[in-house]
Amino acid sequence: MQYKEIEAANLEEARAKIKQEFGDRARIIRTNEIKEGGFLGFGKKRVVKVLISISEDELLKRYKENLGISNYLRNEKLQTSQINEQNNEKAEKTDTNKKTDQNFSDMLTYSILMEKLNNIEKYMHNAETVKKEVLAPVLSEIKDILKQNEFFDDFIEELITKIESTLPLNKIENKLEVHNFVYEYLKEKLEPLTERKIYQNNIDKNIMVLVGPTGVGKTTTIAKIAANAIREKKEVELITIDGYRIGAKYQLEKYAELMNVPMNACEDNLELQRIISLSTADLILIDTIGRSQKDEIHLVKMKKLLESANEKISYVLTVSATTKPKELEKIFKNFEMFDYDNIIITKNDESETIGAILNKVIERNKGIVYYTDGQRVPNDIEKATVFNIMAKIKGLDPNVYLTHANF
Ligand SMILES: Nc1nc2c(ncn2[C@@H]2O[C@H](COP(=O)(O)OP(=O)(O)O)[C@@H](O)[C@H]2O)c(=O)[nH]1
Ligand SMILES: [Mg+2]
């Protein structure tokens with residue numbers, strides 16, 4: 001791969017130049033707007049510098065196509081005279097010699113090109129810089145869309161770089177192509193995270209614990225999951241270790257009563273062990289202590305208590321779609337001690353965007369099992385699929401959603 005820098009007065013002109021010289025084969029790596037020249041800060045000229053990459057083969061092919069080797073060499077005065085000297089030495093040529101000369105001439109052209117391109121690196125470092133990133137209009141639009149969806153900056157940068165290095169020039173200028181690329185990119189990342197099994201059907205006792213900050217909707221979500229499991233003819237049992245908050249036990253007890261399922265409140269290890277071992281349920285749902293996730297000692301105690309059950313427990317982190325992006329990292333990290341594989345996203349009805357959460361699950365390789373979108377038990381819950389999660393990414397061209405619709 002070789003790199004070349006194109007300089008122009010503005011982005012449009014730079015693109016036109018690249019197209020003319022390299023066709024659609026070049027990939028844009030970086031675009032900078034630079035102020036150059038001037039004296040004592042005055043009279044600086046704005047220029048746009050676009051760094052592109054192109055494979056050696058393509059480069060040589062392009063030069064041959066466009067300029068013709070002889071034309072190209074004629075323009076390169078210094079190098080041409082050297083070649084002429086060498087050519088003159090071989091005044092009379094046989095056919096085979098001609099062929100050799102043609103190869104030689106090709107090679108020389110090629111090495112001149114390479115040398116020029118290698119110098120670009122040096123040249124780039126010397127450029128006086130007041131750099132400002134300039135993006136193609138479609139790319140800056142997609143950047144805004146991703147920002148509005150609350151994806152984090154480094155994630156967006158990575159995605160933009162990926163677009164620039166993957167899509168050829170003519171496609172980068174096409175809104176639908178770029179939006180489609182973004183959709184596919186996110187879908188590819190989210191697909192493996194939304195297709196995980198919620199609980200394993202092959203083991204007879206599935207135990208699922210919902211952990212997460214206070215007030216995100218753990219108890220309500222447990223009631224919803226329980227009601228849906230009952231609808232699927234599963235035997236369900238509820239346990240709470242949420243004894244700390246007055247009324248917390250009462251809340252789950254009420255749901256258990258309504259659904260006619262057993263409910264136990266556990267305060268210590270032995271009790272938890274006894275209840276789990278005696279249970280004949282297919283699904284045991286455990287509600288947890290409603291204290292701040294900042295209270296680490298309490299979380300450790302809770303974890304010890306759950307570990308004492310000696311059973312295979314799957315931990316699920318419950319996060320609200322309304323959580324501020326800044327808070328999310330802390331929450332994902334603080335609950336990491338539970339080794340949770342999956343998350344549930346609650347309160348989707350109260351938030352337009354879930355990009356920050358999606359960003360975190362992709363980064364930490366966590367599955368999304370459910371999302372909830374209202375207070376009604378048992379209705380306001382959905383199993384997460386890649387399609388309903390992708391539908392929560394707002395602002396992409398409607399045609400992109402249409403193309404991917406799962407009719
Ligand atoms: N709007 C909305 N409210 C919800 C949702 N899930 C739970 N809630 C409400 O959030 C509040 C706290 O829920 P709760 O289950 O007690 O949270 P916990 O402290 O995590 O157990 C209650 O008023 C619930 O009705 C949801 O998906 N959407
Ligand atoms: Mg609760």
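Predicted model: local features only at pLDDT ≥ 70, side-chain atom pairs only at ≥ 80, totals over all residues.
Residues are numbered from 1 along each chain as its sequence is written, chains are lettered from A and ligands numbered from 1 in the order in which they are written, and side-chain values use heavy atoms, with hydrogens and water left out.

**Strand E6 and its partners**

- E6 (residues 236-240) and E8 (residues 283-287) run parallel and are joined by five bridges; two strands count as paired if DSSP finds at least two bridges between them.
- E6 also runs parallel to strand E7 (residues 263-265), this time with three bridges, and here Ile239 stands opposite Asn264.
- Why is E6 called largely enclosed by the rest of the structure? Because five of its five residues are buried, meaning under 20% relative accessible area, with exposed being over 50% and partly exposed in between (1.4 Å probe, protein chains only).
- In a regular strand the side chains alternate between the two faces of the sheet.
- Both faces of E6 are covered, with Val236, Leu238 and Thr240 buried on one side and Glu237 and Ile239 buried on the other.

**Strand E3 and its partners**

- E3 (residues 45-54) is largely enclosed by the rest of the structure too, because eight of its ten residues are buried.
- Strand E1 (residues 2-8) pairs with E3 in the antiparallel sense over seven bridges, and Glu7 has Lys49 of E3 as its bridge partner.

**Around ligand 1**

- Ligand 1 has 18 residues around it, and Gly215, Lys218, Thr220, Asp349 and Thr372 come nearest; to count as near, a residue needs one heavy atom within 4 Å.
- Helix H10 (residues 218-231) gives the largest share of this shell, four residues.
- Sorted by class, the shell has two nonpolar, nine polar and seven charged residues. Ala, Val, Leu, Ile, Met, Phe, Trp, Tyr, Cys and Pro count as nonpolar, Asp, Glu, Lys and Arg as charged, and the others, Gly among them, as polar.
- Oxygen atoms of ligand 1 lie 2.8 Å from a polar backbone atom of Lys218, 2.6 Å from an N or O atom in the side chain of Thr372 and 3.0 Å from a polar side-chain atom of Gln375.
- On its own, ligand 1 exposes 580 Å², and the protein buries 85% of that (Shrake-Rupley method, 1.4 Å probe; for residues, only the protein chains shown count as cover).

**A look at Val319**

- Val319 sits in strand E9 (residues 313-320) and is buried, with a relative accessible area of 1%.
- Beyond its neighbours within four places in sequence, Val319 is in contact (heavy atoms within 4.5 Å) with residues including Leu328, Phe332, Ile344 and Ile357.
- Val319 and Gly217 are 102 residues apart along the chain, with their C-alpha atoms separated by 8.4 Å.

**The whole chain**

- There are 17 helices and twelve strands, taken as DSSP runs (H or I, at least four residues, for helices; E, at least two, for strands) and numbered from the N terminus.
- Of the 407 residues, 48% count as buried.
- Among contacts with a separation of 6 or more, 75% join residues 24 or more positions apart.
- The accessible surface comes to about 21700 Å², and 49% of it belongs to carbon and sulfur atoms.

Technical notes: Polar contact = N/O pair within 3.5 Å; in protein donor to acceptor, adjacent residues only side chain to side chain.
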